[in-house]
Amino acid sequence: MITITEVGPRDGLQNEKAQIPTTAKIAFVNALSESGVQEIEVSSFVSPKWVPQLADALEVFQRIQRQSGVIYSALVPNEKGLEHALEAHVNKISIFTAASETFNQKNINASISESIERFRPVIAIAKAEKLPIRGYVSTAFYCPYEGKIPSTQVVAVVQKLLDLGVDEVSLGDTIGKAAPGDIRELLDNVMPILSKDQVVLHLHDTYGLAIANAMTAWSEYRITRFDSSAGGLGGCPYAPGAFGNVATEDLVYALRASGAEISVDIAKIVGAAKEIEPQLNRTLASRLSRVLSQSPS
Ligand code: HMG
Ligand code: MG
């Protein structure tokens, strides 16, 4: 069974310049809750000075209608973020670091080892609260500042996160530049230290290769956990040129058409994307939303 973490409300919206009304974010999450995705990354408890768009994280969490069986998670960069996340009754937290020092410095104002130290108390408290913990490794393939990142460097960061006690690791193609060969190279190197169920692929689609990358991971490595965003929303404020996440509806279509078992309702994902689209000054670019809007009814 494929597991989808829908990251549209967080990764998808964090880069939008115009402030999106909190009610629109809540409606978006509520629509996604009906779609069959297993997890929704609702927001981030980060500094509002760094990511003003997500300054309303607590209110969003307090006002969404949670569906049983859906995990509602959030990004947490430090102890202060965890305090807010606990107040919001998140079901899971994600700490985040990178395989590139330059990117990490620009993203969270810390070196990789400083970020690991910063996470130590966060993880201790989260574990005491019995919260599942994801660790993100950004720039696991390419960095906008340092170029190609050697997979040995990524493996070292993954090992640090495992030593800290994370339950799973999401490998981020932050700028969407990886090709299937890069996916193979990293998975060959990282699979010896991770179980298959601990690996999540977080693909962006800048070069149009995200679906090919996901299919490589699923068909050749039996990876079944992916991050994606409705409508292909997304970008990263500290990754110049980063394009949207792979669109959930396109990913679900590709995997299902290839025989994967998957619970997500494509029409409901497209419906959720249409819910948020009027708040953006552009048309969402997913293939499936185009197909469905032109299909004879
Ligand atoms: P800093 O400036 O070094 O932190 O930022 P600080 O401790 O000096 O605090 C600065 C101010 O922020 C203080 O306020 C703190 O209280 C406040 P002031 O005293 O100036 O009024 N503050 C906070 N407020 C609310 N919640 C908090 C918090 N922490 C501090 N948690 C920090 C360090 C980590 C806070 C900052 O760099 C930050 O928030 N960065 C977030 C960056 C971010 O969210 N990036 C996008 C997500 S990562 C991503 O998109 C990649 C991913 O999708 C995977 C992939 O694609 O690769 C996950
Ligand atoms: Mg991302």
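Strand β8 (residues 168–173) and strand β9 (residues 199–203) pair in the parallel sense over 5 bridges, where strands are DSSP runs of E of at least two residues and helices are DSSP runs of H or I of at least four, both numbered from the N terminus, and where two strands pair if DSSP finds at least two bridges between them. The model is predicted, and for this reason local features need pLDDT of at least 70 and side-chain atom pairs count only at pLDDT 80 or more, whereas totals for chains, interfaces and linings use all residues. Residues are numbered from 1 along each chain as its sequence is written, chains are lettered from A and ligands numbered from 1 in the order in which they are written, and side-chain values use heavy atoms, with hydrogens and water left out.

Strands of a sheet pair through backbone hydrogen bonds, in either a parallel or an antiparallel manner. These pairings belong to a barrel into which 8 strands close in the order β1-β2-β3-β4-β5-β8-β9-β10, with parallel pairing. Neighbouring strands of this sheet are turned by 25 degrees against each other on average, direction ignored; the axes behind such angles are lines fitted to C-alpha atoms, for helices over the stretch in contact, and angles run from 0 to 180 degrees between N-to-C directions.

Strand β8 is largely enclosed by the rest of the structure, because 6 of its 6 residues are buried, a term that means under 20% relative accessible area, while exposed means over 50% and partly exposed lies in between (1.4 Å probe, protein chains only). In a regular strand the side chains alternate between the two faces of the sheet. Both faces of β8 are covered, with Glu 168, Ser 170 and Gly 172 buried on one side and Val 169, Leu 171 and Asp 173 buried on the other.

Helix α10 (residues 248–257) lies across β1 (3–6) and β10 (225–228) and runs at about 150 degrees to β10. This helix is likewise largely enclosed by the rest of the structure, since 7 of its 10 residues are buried, namely Thr 248, Glu 249, Asp 250, Leu 251, Val 252, Ala 254 and Leu 255. The buried residues of α10 pack against β1, α9 (210–221), β10, α11 (266–276) and α12 (287–294). Just after α10, Gly 259 takes a positive phi of about 105 degrees. In strand β10 lies Ser 228, which counts as buried because its relative accessibility is 0%. Leaving aside neighbours within four places in sequence, Ser 228 is in contact (heavy atoms within 4.5 Å) with residues including Ile 4, Thr 5, Thr 248 and Leu 251.

Apart from neighbours within four places in sequence, Asn 189 is in contact with Ser 151 and Val 155.

Grid points are joined across faces, edges and corners, and a volume is the space filled by probe spheres set on the points. The largest pocket has a volume of about 670 Å³. This pocket is lined by 37 residues, of which Val 46, Ser 47, Val 51, Pro 77 and Phe 96 are the closest to its centre. The lining divides into 19 nonpolar, 14 polar and 4 charged residues, where Ala, Val, Leu, Ile, Met, Phe, Trp, Tyr, Cys and Pro count as nonpolar, Asp, Glu, Lys and Arg as charged, and the others, Gly among them, as polar. The second largest pocket holds about 200 Å³ of space, and Asp 205, Ala 247, Asp 250, Ala 285 and Arg 287 lie nearest its centre among 15 lining residues. The search of the whole structure also finds 1 cavity of 30 Å³ or more.

Note on methods: 1 Å grid on protein atoms, 1.4 Å probe; cavity = no way out; pocket = protein on both sides within 12 Å on 5 of 7 lines; lining within 4 Å.
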